[in-house]
Amino acid sequence: MKNKTISPVGKSVPRIDAVEKAAGQATYVYDFKPQGTLVGKMLRSPHAHARILKIDTSQALVLAGVRAVVTALDAPKVKFGSNEYFFPYTVDQYPLEFEKVRYIGDEIAAVAAIDEETAQRALSLIKVEYEVLPAVFDPVEAMKPHSPQIHSSMNNIGVMLPVHFGNPDKALKESDYVREDVFYLPSAAHCALEPHVSVAQYETSTDKITLWTSTQAPFKVREALAKTLEMDSCDIRVLKLHVGGGFGGKLEMLPMDFAACLLSKKAQGAPVKIVCDRKEEFSYTRRKHPMIYKLKSGVKKDGTIMAITGEVIADGGAYCSYGPTVIAAAIMRIFMVYKIEHIRMMGFRVYTNNPVSGAIRGFGGVQSGFAVESHMDLLARGIGLDPLEFRLKNATDPDMVTVNKLIISSNGLKDCIRKAGQISDWSKKNGIKREVPKDIVRGIGMGVAADVMGSKMYKSHESAGTIIKVEEDGSVYCFTGAADTGQGSDTVMAQIAAQELGVAYERVRIRAADTETTPFDTGSFASRVTFISGNATKNAAGDAKRQILEVVAQEFKLGSENLDIKDEAVVNISTGSEVLSFDKAVELCYSFNYGRLIIGRGSYNPKTTPIDFRTGQGNISGSYGFEAQIAEVEVNKKTGQVKLVKMVDVHDIGYPINPASVHGQIEGSIIMGMGYTLFEDLKFTDGRVQNPSFSKYRIPRSVDAVPIESVFIETNDPQGPFGAKGMGEASLLPTAAAIANAIHDAVGIRIKDLPITREKILKAIKDKENNTKNEG
Amino acid sequence: MKTVQFRINSKAHELQVNDNELLIETLRERLGFLGTKESCQEGECGTCTVLIDGKNVLSCLILTASLNDKEVTTIEGLACGSDLHPLQKAFVEKGAIQCGFCTPGMILSSLALLKKKPSPSEKEIAAGLDGNLCRCTGYLKIFEAVKEAAIHMNKETKG
């Protein structure tokens with residue numbers, strides 16, 4: 001070991017995989033190509049909605065260099081879906097379609113050939129006869145009675161989730177101020193730099209599959225493959241290498257994964273690699289759910305929220321994917337931040353013939369963040385209350401159960417709000433339109449949000465598991481199901497394992513996210529990994545430590561309860577003295593008299609309760625994180641340009657296992673959130689993506705980065721590993737509203753549809769001036 | 001087909017290349033330099049950045065046939081065994097690496113920037129890295145890493 005970082009939890013240790021990434025030696029599935037790998041390509045529908053009459057692959061099959069062609073006929077015709085357990089009716093997609101195609105890009109067939117050119121030619125030789133059907137692209141239109149029927153669900157409503165508590169109509173009548181707002185949220189793309197890529201190898205002699213894929217959730221992919229191929233899970237191995245970003249886009253099986261396996265089988269077991277190019281990434285993988293978010297709420301003069309009512313209409317695209325989870329997140333997150341007694345919300349996820357909407361960082365919480373936090377700002381202004389004071393008045397508290405039975409334990413939200421206000425000098429800036437220099441007005445705005453640590457929407461349990469083996473030479477191997485996609489989970493697992501075991505961080509080696517060799521983990525989503533997988537790792541390390549201490553206790557005739565391992569040594573707790581070094585202790589375990597291999601195991605299932613999807617009741621997460629975000633902007637009244645001057649983010653993260661990593665997640669999230677607020681807009685016309693490239697779909701570049709002051713509030717969560725909560729998504733939830741609220745503060749205009757462009761600002765300023773003229 | 005003689009990371013190469021062979025293909029498919037990544041294949045993201053005679057260029061837009069007598073630097077050319085280049089060290093220590101896919105290109109663009117501007121301001125760093133997309137970090141820790149590396153590299157030059 002070159003370095004020895006003891007007690008690593010709480011320290012910004014360098015990431016465990018940073019060196020190989022900096023040296024260009026980290027292998028991604030994008031780089032992976034075993035000998036004899038064939039090039040796989042998908043045949044996709046050119047029509048948004050059509051019946052398939054005939055598929056003729058005969059010409060493609062005989063093209064020189066083509067080793068396999070597959071259609072739905074080559075596999076059992078089984079549908080899959082990503083939210084199956086709680087929403088069986090959302091299982092709606094065949095991996096290869098043979099009856100109907102429902103979006104431009106819908107997968108019909110696949111080829112495997114010796115090179116790119118041959119594969120491309122083979123695709124062009126597959127003849128498909130379509131009966132083109134009328135298509136519908138707008139979710140409101142799609143719900144109307146005579147709209148084209150996309151699946152079998154009535155009015156194309158794939159998912160309908162209500163939330164209902166108390167008596168909202170009565171509470172609205174008792175309110176001093178009621179207002180209605182409608183917000184429009186566009187689609188967006190994940191833009192992970194490593195595209196979707198899979199390599200499949202089918203061992204034809206034993207009917208076993210290995211799939212290497214750029215994924216956040218290998219166990220989820222395996223489950224779907226087993227279902228659609230009608231194979232046993234244990235005969236399918238899914239593993240990841242380094243992953244170049246996920247952000248929710250790599251959280252499920254895609255048809256290309258299925259196709260790669262099938263092609264390999266047909267090609268006598270040759271490995272098949274399918275890569276999405278950037279255009280395919282934008283057009284045919286997953287996208288953010290566009291939403292129409294309607295809210296009508298009432299407040300008392302003193303700022304108390306009386307009732308919240310509303311409706312969300314989400315454009316789900318052609319298949320369901322993670323739709324239910326997105327809708328639930330869109331309408332249920334509000335309970336985490338505000339004390340609410342009376343609420344009625346209805347979320348509709350509507351099928352359209354657009355590409356599939358799925359999970360993307362925040363799962364519906366970004367859309368609801370913009371709508372709700374803008375609406376709250378307007379409610380506060382409506383009664384002349386400082387928006388910060390309004391948040392404080394209604395914010396949730398520690399150790400409370402909400403009306404929908406969320407169990408909130410540690411909760412630093414109010415501290416976050418106060419501290420953010422203090423750091424940003426809120427009271428001196430809010431409501432003061434500072435115009436300096438001329439035509440450039442400064443404003444300040446805030447938004448609040450909550451994190452979940454997982455969400456009980458995937459399976460009956462949400463558990464994660466870890467195994468730790470300590471070898472004779474003192475090296476520590478940690479096998480965890482958690483998938484690192486760049487967020488740093490491998491590093492955090494190593495820190496937690498090292499801390500609990502009492503050894504240096506550098507001792508720990510991580511082997512992760514392989515369905516064959518690591519314990520189960522549902523995947524990297526809903527900011528669950530530090531909390532859930534971290535606890536599993538802590539438990540495993542604790543188990544390994546106990547085994548070592550048992551041996552030492554026996555040898556030295558001490559009570560094992562009197563011993564601990566700290567800073568690379570076994571210590572006597574009462575005297576504080578060192579009994580022997582960690583290395584010597586391990587040697588002892590493996591020695592002649594003991595021969596004790598050290599294998600620690602741990603698992604963790606968070607304290608969640610089943611959700612009643614008829615009302616929205618149930619504790620969805622083991623704990624909750626909180627934050628307040630304040631944006632300072634400059635609005636140029638002449639050009640409409642908005643410059644984000646500074647972001648302040650104060651976050652209750654429980655305890656930071658790796659502060660640099662936590663700050664990194666926060667900074668990355670805020671910049672991503674800023675992109676969605678100001679310029680990201682995935683545009684569709686007649687079901688086709690209009691801007692499927694980095695030049696046309698603008699994501700934040702280095703010149704767009706803004707100063708961010710990121711501050712932690714440590715509430716030391718009673719359930720989190722070392723008090724830590726999760727961190728992954730929350731910091732992009734309030735960003736759009738914080739910016740929109742700041743713009744309102746600056747120039748008195750309210751933009752309710754994203755992205756906030758110059759044109760929209762100029763138009764709103766002009767309209768305001770005209771209204772003032774008319775009134776005056 | 002054309003014969004081209006050029007250097008990669010100070011080692012001489014002589015290759016027969018097709019007229020339309022892109023440098024990214026030559027590097028990754030033919031020569032096994034997998035450190036140079038690829039994300040858009042149309043010169044819009046900077047992920048495939050390498051240095052040619054010290055200047056940062058997009059290898060997905062360069063024809064290998066045009067590289068006679070040129071010196072190509074890929075990410076593999078920076079470290080000496082496990083002795084990392086100051087930029088690599090700074091990226092590691094400052095938490096400027098998350099998924100790592102943009103990292104090789106980002107480090108090489110940073111190197112080209114520091115050659116032109118040995119003590120850049122944050123604004124100059126941002127402008128210098130404008131061609132390299134990162135979706136994970138939000139860029140702030142990358143700026144810190146470049147600043148840190150600059151200090152270290154200037155000390156080395158002086159000392």
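What follows is a working chat about a predicted model.

Colleague: What are the ground rules here?
Modeller: This is a predicted model, in which local features need pLDDT of at least 70 and side-chain atom pairs count only at pLDDT 80 or more, while totals for chains, interfaces and linings use all residues. Residues are numbered from 1 along each chain as its sequence is written, chains are lettered from A and ligands numbered from 1 in the order in which they are written, and side-chain values use heavy atoms, with hydrogens and water left out.

Colleague: How many helices and strands in chain A?
Modeller: Chain A has 20 helices and 31 strands. Helices (H or I, at least four residues) and strands (E, at least two) are DSSP runs, numbered from the N terminus.

Colleague: What share of chain A is buried?
Modeller: Buried residues are 67% of the 776 in chain A. Buried means under 20% relative accessible area, exposed over 50%, and partly exposed in between (1.4 Å probe, protein chains only).

Colleague: Switching to strands. Which ones does β24(A) pair with?
Modeller: Strand β24 (residues 569–572) of chain A pairs in the antiparallel sense with β23(A), residues 563–566, over 4 bridges. β24(A) also pairs in the antiparallel sense with β25(A), residues 578–581, over 3 bridges. Two strands pair if DSSP finds at least two bridges between them.

Colleague: Which residues stand opposite each other?
Modeller: A:Leu563 stands opposite A:Asn572, and A:Val571 stands opposite A:Glu578.

Colleague: What about the turns?
Modeller: The hairpin of β23(A) and β24(A) has 2 residues between the strands, and A:Asp567 takes a positive phi near 50 degrees there. The hairpin of β24(A) and β25(A) has 5 residues between them, with A:Gly576 in the turn at a positive phi of about 80 degrees.

Colleague: Are the faces of β24(A) buried or exposed?
Modeller: Both faces are covered: A:Ala569 and A:Val571 on one side are buried, as are A:Val570 and A:Asn572 on the other.

Colleague: Where do A:Tyr28 and B:Phe101 lie?
Modeller: A:Tyr28 is in the loop between α1 (18–22) and β1 (38–44) of chain A and B:Phe101 in the loop between α2 (86–93) and α3 (103–116) of chain B, so the pair joins two chains. Both residues are buried.

Colleague: What about A:Phe183 and A:Phe370?
Modeller: Their ring centres are 5.7 Å apart and their planes are at 80 degrees, so this pair is edge-to-face. A:Phe183 is in strand β8 (residues 177–185) and A:Phe370 in helix α11 (residues 365–382), 187 residues apart.

Colleague: Which charged end sits over the ring of A:Phe183?
Modeller: The charged end of A:Lys752, 5.9 Å from the ring centre. The test is NZ of Lys or CZ of Arg within 6 Å of the ring centre and within 35 degrees of the ring normal.

Definitions and conventions
Rings of Phe, Tyr and Trp (its six-membered ring) pair if their centres lie within 6.5 Å; planes under 30 degrees apart count as stacked, over 60 as edge-to-face and the rest as tilted.
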